[in-house]
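Please look at the following structure with its sequence at hand.

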Amino acid sequence: MSIHNKKLFLLCLATLAGLFVLQFLLSDYLVLAFTRILILAVFAMGYNVLMGYTGLVSLGHAMFFGAGVYGAGLSSYYLGVSLPVAFLAGILAAIALSFLIGLLALRTQTVSFMIVTLMFSQAAFLLILYFSEFTGGDQGLTLPTSARSFSLFGLEVDMTSDVARYNLALTVFGVVLLGLFAFTQGPVGRLLVAVRENEDRTRMLGFDTYAIKLLAFTVSGGISGVAGALYGLMFGYIGSAFAEFKISIEALLFTLVGGPGTLLGPLVGTGLMTLLIDRLSGVTTAYLIVIGALLIVVTLWFPTGILGTLRDRWLPWLK
Amino acid sequence: MAEVVLLKTKGLTRHFGGLKAVENVDFQIKEGEIRAIIGPNGAGKSTFVNLLSGRIKSTSGSVEFAGEDISRMPAHKRVRKGIAYTFQITNIYGSMSVLENICVAVHNRLRPSLLSRNHVSEDDIEAEAAEAAKTVGLGDRLEEVAGTLAYGHQRLLEVAMGLALQPKLLILDEPTQGLSDSEIANFKEVVREVNKTTTVLLIEHNMDVVMTLAEQITVMERGTVLAEGTPDAIMNNAAVQAAYLGASA
């Protein structure tokens, strides 16, 4: 199979190499920050499959991130399964949930779609609080010490080590990035864009656009779950804050800033915004005002985000 | 060519509330034909072909295609059966290149299942798409962004996407609207070329195009078929003249 868009492929490899080297250059604090950025970037990349490539704006992706967090966290906490198994459980939970929600939500479009995904997500959030005896509610649950390390294929990984966490996050990020390269830059990716650009046309070229959208929705939710499961297990804590509305907005914000419908946009957006929020919250508690203002600026003047603008002006292969 | 009926409707009806957009239409088209549907604005021509393509659901009546009842089949499946529809208002993927636009159509034909294994390579798809572009005269514009093409070229791209499906029946909804005279002349050539392999159903206002291309003409008025016949017969049909000119017959 020949690789289409070789330039983008090389850029992805270079990015991964750069991220690997980064851990030797940065302070411990920043390594930790970048660990979080990588995981959240996976979340945003999942969101981008639906919002950027397929053109469907969901306001409920916190529920899929949350499904990953809880699917992984609860099976580790209550069933005591090993971390890799718990990780898989989280991903499966997110895939199952997103398939089901997709079946229903994709019957609506545009604004109704946003509202329906938001409602489902809020319902999921409230369920977590309602069953707080089991889920830990807003207090959350801290995973036991036994769940802070695992061995896979003879490799011992200690989840309290910064180096281990960074490289684990980078590995997952790399797998998702290359997987999404194959998914979005091939024929299926072209169909997603076709639905975004003109759904009616795509239907009249003989495609079941509902099936295409459901595929995008499930892949998108599943990847969000990958991020959630990794986040919960890596930091040993699960709580309802992971399924809050704010989480959905973050995915939207990161994707918008970086460039919807560009493969690396979510990484750029997540990196920039996370570091910015980090700095701002040191200066003022009202940092959300700045975020809001920035969102308006991006929407008004750079609707295609940073990488999207680069793509439109100079680098057409950046998609 | 044997006289095989490709598409047949019986009592096809579509009401929008109290409006009878299409009322009890019996229609058939033979394989290999170029058929034009004409009629005043609001006669129900577009609604009728939309009922054929499945974009609009019928209120009652049936549609039979190649001997199969497709009345309840969703639009995308009808396309796979061989009914291609090109839009009245040019409806392409503006941000994609010409080649990519056509690739979407070829993709459907060569690899119908969404998650099937990779039997057909991307190169094969592109080669066929380039071929379809050449047929309509867009062969040297493959990499241009579709949205930046001149209007006439966008219309040709629209046709190329229909062609790339290799349909049995190609429905063209007002294809020459907004084209210049020279573009229309070229377009007529394209339709003749296409007709060698495909049955063509054409909604058209330009009488010159209709008279030179169509073998049979169906005239619609107020949702029903007013007359049907050869171009000459239609020209001299009193009822048709009345409908168009408002003169008493």
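In chain B, 10 residues of domain 1 are in contact with 9 residues of domain 2; two residues are in contact if their C-beta atoms, placed from the backbone, lie within 7 Å. The model is a predicted one, in which local features need pLDDT of at least 70 and side-chain atom pairs count only at pLDDT 80 or more, while totals for chains, interfaces and linings use all residues. Residues are numbered from 1 along each chain as its sequence is written, and chains are lettered from A and ligands numbered from 1 in the order in which they are written.

Domain 1 of chain B comprises 1-82 + 169-190 + 199-249, and domain 2 comprises 94-166; these bounds come from an automatic or database domain assignment. Taken over C-alpha atoms, the centres of the two domains of chain B are separated by 26 Å. On the side of domain 1 that touches domain 2, α2 and α6 (181-195) of chain B each supply at least two residues. Helices here are DSSP runs of H or I with at least four residues, strands are runs of E with at least two, and both are numbered from the N terminus. The most is given by α6(B), with 3 residues. By class, this side of domain 1 of chain B has 5 nonpolar, 3 polar and 2 charged residues. Ala, Val, Leu, Ile, Met, Phe, Trp, Tyr, Cys and Pro count as nonpolar, Asp, Glu, Lys and Arg as charged, and the others, Gly among them, as polar.

The two chains also meet: 25 residues of chain B are in contact with 23 residues of chain A. On the chain B side, α2 (75-81), α3 (98-110) and α4 (122-135) each supply at least two residues. The largest share, 6 residues, comes from α3(B). The residues on this side of chain B divide into 11 nonpolar, 8 polar and 6 charged.

Within chain A, helices α1 (residues 6-25) and α7 (residues 162-185) pack at an angle of about 175°, their axes 10 Å apart. Axes are lines fitted to C-alpha atoms, for helices over the stretch in contact, and angles run from 0 to 180 degrees between N-to-C directions. Therefore α1(A) and α7(A) are roughly antiparallel to each other. Angles over 145 degrees count as roughly antiparallel, those under 35 as roughly parallel, 65 to 115 as roughly perpendicular, and the rest as oblique. The residues of this contact of α1(A) with α7(A) are 12 nonpolar, 3 polar and no charged.

A second pair in chain A is α12 (residues 265-283) and α13 (residues 287-301), which pack at about 140° with axes 8 Å apart. These two helices, α12(A) and α13(A), are therefore oblique to each other. Here Ile277(A), Leu280(A) and Ser281(A) of α12(A) meet Tyr287(A), Val290(A) and Ile291(A) of α13(A).

Which residues of α5(A) are buried? They are Val116(A), Thr117(A), Ser121(A), Ala124(A), Phe125(A) and Ile128(A). A residue is buried if 20 or more other C-beta atoms lie within 10 Å of its own, exposed if 12 or fewer, and partly exposed in between, with C-beta atoms placed from the backbone. The cover over the buried residues of α5(A) includes α3 (62-79), α4 (83-105), α6 (132-135) and α11 of chain A.

Finally, Phe242(A) lies in the loop between β4 (237-238) and α11 (245-258) of chain A. Phe242(A) is buried, because 23 other C-beta atoms lie within 10 Å. Phe242(A) and Gly66(A) are 176 residues apart in sequence, yet 5.6 Å apart in space, C-alpha to C-alpha.
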